[in-house]
Amino acid sequence: MFGKLFGRDAERPEGNPYALPVPRRQKNGTYPLRALGDTRVLALVESADAGDWEAVKAALAPFDLGRDHAVLGQLADLDGVQDWIGRAVEEDKEHRATALLISGARHISWGWEARTSARAVDVTREQWRIFHERLELAEEHLLEAAELRPDWITPWRRLLTSGRGMSLGPAVTRTRRDAALRRDPLDLDTHIEWVSQLQPRWGGEPGQALAFARKAYAAAPDGHRLGCVIAMAHIEQWVEADNRDCLQHPHIQAELREAAERSILHHAYERRLGWQGDYNIFAMALSLAGSRTASNVFRELDGVFTEWPWAFMADPQKAYARFRKAV
């Protein structure tokens, strides 16, 4: 089965019974991470792609969707989920909260697909209408999911995204951020979302995001993945800047190196499901800064590419391969 999916030369990595076989690499030695590299997640994605709600629920058994942002993200980004998840919301009262969560997350991604990544002035009136229509439904479903399951953090993190898209204002977004962080003060995804919220293109002030990231990471223990918030703050700084070499300063290189060594490269770091995403964040930030520590990160990745955060570049996987070759 796996040879058929990934090529005859595919082999399952040792030590993890759920690891997907490594697919045949591209000529540049890279390959995209599929289904978080996990057979259980692949089964979930395939069930959702088939619109089989019963199979989706069965495949969700090993996961806590109310806390696992990465697994929820696999469903949120899957085209077609919007076509059947509404029936699950209406018909499955026992699992209504889960269906609402999936629906809300998917409608946010679906809304941004309609809006596109174009500048606001280039988005058509019809695109804006569809965008807001989908975000409004996402808000409704996520707020109800949060009410049904007050222990969940994932609805609040997703509500930050929809709130930003709908321009609900700082009071609302801060309330949602605080709701998420009360449930997990060190939640990386919430911190990264807030770093985006603080960018000038969303109404923030220059320097705000980096100051927030530094303060947050200062409270994290050694080996915690929250170090990625430092890397992401610098990537966002690069996105906002006119100078493509803006990160190539010794003090930035030193800060990124220290954050990497104290988080993903620390012996206490736990390679949980989706750890490759953490490494890709640092790989991009360190590469943009011209830091030699990038070679250590790319070595551990061994060619594994994740779309985020390389999506900020015109051809994400080629950019990854180019920086990987350069170190």
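This is a predicted model: local features need pLDDT of at least 70, side-chain atom pairs count only at pLDDT 80 or more; totals for chains, interfaces and linings use all residues.
E255 belongs to helix α13 and R214 to helix α11, so the pair ties together parts that are 41 residues apart in sequence.

## Other charged pairs

The count of salt bridges comes to 22. One of them joins E126 and R129, again at 2.7 Å from N to O. Here both residues lie in helix α7 (residues 125–148), 3 residues apart, or about one turn of the helix. E126 is partly exposed at 43% relative accessibility, and R129 is partly exposed at 42%.

D38 and R40 also form a salt bridge, and their closest N and O atoms are 2.9 Å apart. D38 is buried, with a relative accessibility of 2%, while R40 is partly exposed at 26%. Elsewhere, E54, K57 and D92 are linked in a network of salt bridges.

## The nonpolar cores

The largest nonpolar core has 52 residues, and those with the most contacts inside it are V229, L256, F282, V297, L301, W310 and M313. Elements giving two or more residues to this core include α10, α11, α12, α13 (250–262), α15 (294–301) and α17 (316–326). The largest share, 10 residues, comes from α14. A second, separate core of 44 residues includes V45, A88, W152 and W156.

Let's look at L256. Leaving aside neighbours within four places in sequence, L256 is in contact with I230, A231, H234, F282, A285, L286 and A289.

## An enclosed helix

Helix α10 (residues 188–197) is largely enclosed by the rest of the structure, because 9 of its 10 residues are buried.

N280 lies in helix α14 (residues 275–289) and counts as buried, with 0% relative accessibility. The N280 side chain reaches the backbone oxygen of V304 at 3.3 Å. Beyond its neighbours within four places in sequence, N280 is in contact with L301, V304, F305, T306, W308, P309, W310 and Y320. Two of these contacts, L301 and W310, are also listed among the core residues with the most contacts.

Technical notes
Residues are numbered from 1 along each chain as its sequence is written. Side-chain values use heavy atoms; hydrogens and water are left out. Helices (H or I, at least four residues) and strands (E, at least two) are DSSP runs, numbered from the N terminus. Buried means under 20% relative accessible area, exposed over 50%, partly exposed in between (1.4 Å probe, protein chains only). A polar contact is a pair of N or O atoms within 3.5 Å; within protein, one must be able to donate a hydrogen and the other to accept it, and residues adjacent in sequence count only if both atoms are side-chain atoms. Contact means heavy atoms within 4.5 Å. A nonpolar core is a set of buried Ala, Val, Leu, Ile, Met, Phe, Trp, Tyr and Cys residues joined through side-chain atoms within 4.5 Å. A salt bridge is a side-chain nitrogen of Lys or Arg within 4 Å of a carboxyl oxygen of Asp or Glu.
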